[in-house]
Amino acid sequence: MSSKDIYILAIESSCDDTSAAVLRNGKVLSNVIANQKIHEAYGGVVPELASRAHQQNIVPVVHQALATANIDKKQLNAIAFTRGPGLMGSLLVGTSFAKSLSLGLNIPLIEVNHMQAHILAHFIEDEAQTIPKFPFLAMTISGGHTQIVVVKDHFEMEVIGETIDDAVGEAYDKSGKILGLTYPAGPIIDTLANEGNPKAFPFPKPRVEGLNFSFSGLKTSILYFVQKQTKANPNFVEENLKDICASIQYTIVNIILDKLKKASKQTGIKTIAIGGGVSANSAIRKALKDGEQKYGWTAHIPKFAYTTDNAAMIGIVGYLKYLKEDFTDEAVTANSRFKF
């Protein structure tokens with residue numbers, strides 16, 4: 001490959017955020033995200049509404065990404081896009097747009113796995129984060145996924161543990177709904193938890209074999225607990241909200257930490273990286289940093305801008321694939337259950 005600068009336009013549309021980014025080699029020149037607030041009223045993402053919003057947002061978001069990066073589309077070397085996993089309707093918008101633009105500009109098209117991108121976001125050249133050395137353990141934690149992955153190389157990854165039901169982000173959102181909090185509830189619970197007693201109300205940790213996770217039982221125990229307490233005192237949640245949130249968060253963090261410790265012991269790998277929307281959680285970030293002293297880990301925590309669904313992480317995968325000349329063709333289709 002030539003040593004000249006490589007410009008990648010990346011598009012992310014896997015769920016409810018439309019994002020476009022421009023990368024020059026491994027550095028982010030722009031990372032534009034259009035959030036969809038409409039889902040708040042429904043307590044979760046409505047797929048049909050999400051895909052319609054992507055159709056409205058994608059052109060202005062791409063335009064803004066190019067303008068912010070101060071480059072012309074004719075300077076682009078390739079288009080990277082999220083092929084999956086995600087919501088089918090949302091993925092179709094990004095996939096179709098990327099294919100059309102690639103064809104129109106006559107430049108390569110690069111498909112990206114969304115979950116792989118959350119992991120490889122650590123390889124974005126940014127002073128706010130460090131790049132892990134291979135091999136390392138990656139934990140991807142989001143609204144739809146919870147996985148532990150052994151990462152041997154950029155594109156050699158093995159999932160060794162994952163949720164058998166709800167993802168950790170769902171555990172936060174469903175708990176928040178029980179408590180009467182708005183969607184998304186994760187950041188709200190995190191904020192309130194910082195002012196509460198994490199040991200005020202003990203919740204059971206699920207017994208799941210191996211390195212897999214389960215969060216549905218925790219949600220059910222929280223529901224029964226709240227129902228029982230509010231029957232005796234209708235104001236229980238209001239009077240104890242901070243302590244309840246702190247106790248929920250304490251339990252979730254310990255579930256995650258227990259599995260990470262087990263994975264590290266089994267694999268002998270002490271370099272740990274987290275990614276995904278829930279990696280923005282303050283207690284999880286602190287627990288991982290504390291693990292450096294307690295367990296001898298080397299912790300890698302992503303910059304906040306690269307935790308949520310964003311196109312910058314799609315762009316770094318696109319750049320790494322471009323260097324390998326790992327391109328796809330116009331026959332590619334969106335895949336809602338895309339595996340890596």
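Biologist: Which residues does Lys 99 touch, not counting residues up to four places away in sequence?

Modeller: Keep in mind that this is a predicted model. Lys 99 touches Leu 109, Glu 330 and Val 332. Lys 99 itself lies in helix H2.

Biologist: Is Lys 99 buried or exposed, and what is the nearest side chain of opposite charge?

Modeller: Start with the general idea. Side chains of opposite charge can pair when their charged atoms come close. Now the case here. Lys 99 is buried, yet has no salt bridge. The nearest side chain of opposite charge is that of Glu 330, 5.3 Å away. The cut-off for a salt bridge is 4 Å, from a side-chain nitrogen to a carboxyl oxygen. Glu 330 is still among the residues that Lys 99 touches.

Biologist: How many salt bridges does the structure hold?

Modeller: The structure holds 8 salt bridges. Take Arg 83 and Glu 111. Their closest N and O atoms are 3.2 Å apart. This pair links distant parts of the chain: Arg 83 is in strand E4, Glu 111 in strand E5, and 28 residues separate them.

Biologist: Are Arg 83 and Glu 111 buried or exposed?

Modeller: Both Arg 83 and Glu 111 are buried.

Biologist: What are the closest N and O atoms' separation and the partner for Asp 258?

Modeller: Asp 258 forms a salt bridge with Lys 205, with the closest N and O atoms 2.6 Å apart. Asp 258 lies in helix H7 (residues 236-267), while Lys 205 sits in the loop between helix H5 (186-193) and H6, so the pair ties together parts that are 53 residues apart in sequence. Over 50% is exposed, under 20% is buried, and partly exposed is in between. Asp 258, at 30%, is therefore partly exposed. Lys 205 has 41% relative accessibility, so Lys 205 also counts as partly exposed.

Biologist: Which residues are linked with Lys 205 and Asp 258 in a network of salt bridges?

Modeller: Lys 261 joins Lys 205 and Asp 258 in that network.

Biologist: Where do Lys 286 and Asp 290 lie?

Modeller: Both are in helix H8 (residues 282-295). They are 4 residues apart, about one turn of the helix. Lys 286 forms a salt bridge with Asp 290, and the closest N and O atoms are 2.8 Å apart. Lys 286 has a relative accessible area of 52%, so Lys 286 is exposed. Asp 290 has 27% relative accessibility and therefore counts as partly exposed.

Biologist: Now the sheet. In what order do the strands of the open sheet run?

Modeller: To read a sheet, list the strands in spatial order, then look at the pairing. Here 5 strands form an open sheet in the order E3-E2-E1-E4-E5, with mixed pairing. The edge strands are E3 (27-34) and E5 (109-113), and each pairs on one side only. Neighbouring strands of this sheet are turned by 20° against each other on average, direction ignored.

Biologist: Which helix packs on the sheet, touching E1, E4 and E5?

Modeller: That is helix H2 (residues 88-105), which touches strand E1 (7-12), strand E4 (78-84) and E5. The direction of H2 makes about 155° with that of E4. Recall that H2 holds Lys 99. Helix H9 (residues 311-323) lies across E1, E2, E3, E4 and E5, running at about 135° to E1.

Biologist: In which sense do E2 and E3 pair?

Modeller: Strand E2 (residues 18-24) and E3 pair in the antiparallel sense, over 7 bridges. Ala 21 stands opposite Asn 31 in E3. Ser 19 has Ile 33 of E3 as its bridge partner. The two strands form a hairpin with 2 residues between them. In the turn, Asn 25 has a positive phi of about 55°.

Biologist: Is Tyr 224 buried or exposed?

Modeller: Tyr 224 has 54% relative accessibility, so Tyr 224 counts as exposed. Tyr 224 is found in helix H6 (residues 216-232). The C-alpha atoms of Tyr 224 and Ile 178 are 9.8 Å apart, with the two residues 46 apart along the chain.

Biologist: Zoom out. How many helices and strands does the protein chain have?

Modeller: The chain has 9 helices and 10 strands. Its radius of gyration is 20 Å, close to the 20 Å that the globule rule gives for 340 residues, so the chain is as compact as a globular protein of that length. Its C-alpha atoms fill a box of roughly 65 × 45 × 30 Å, taken along the principal axes. Of the 340 residues, 53% count as buried.

Terms used. Residues are numbered from 1 along each chain as its sequence is written. This is a predicted model: local features need pLDDT of at least 70, side-chain atom pairs count only at pLDDT 80 or more; totals for chains, interfaces and linings use all residues. Side-chain values use heavy atoms; hydrogens and water are left out. Two strands pair if DSSP finds at least two bridges between them. Axes are lines fitted to C-alpha atoms, for helices over the stretch in contact, and angles run from 0 to 180 degrees between N-to-C directions. Contact means heavy atoms within 4.5 Å. Buried means under 20% relative accessible area, exposed over 50%, partly exposed in between (1.4 Å probe, protein chains only). Lys and Arg count as positive and Asp and Glu as negative; His and the chain ends are not counted. The radius of gyration is taken over C-alpha atoms; the globule rule is 2.2 Å times the number of residues to the power 0.38.
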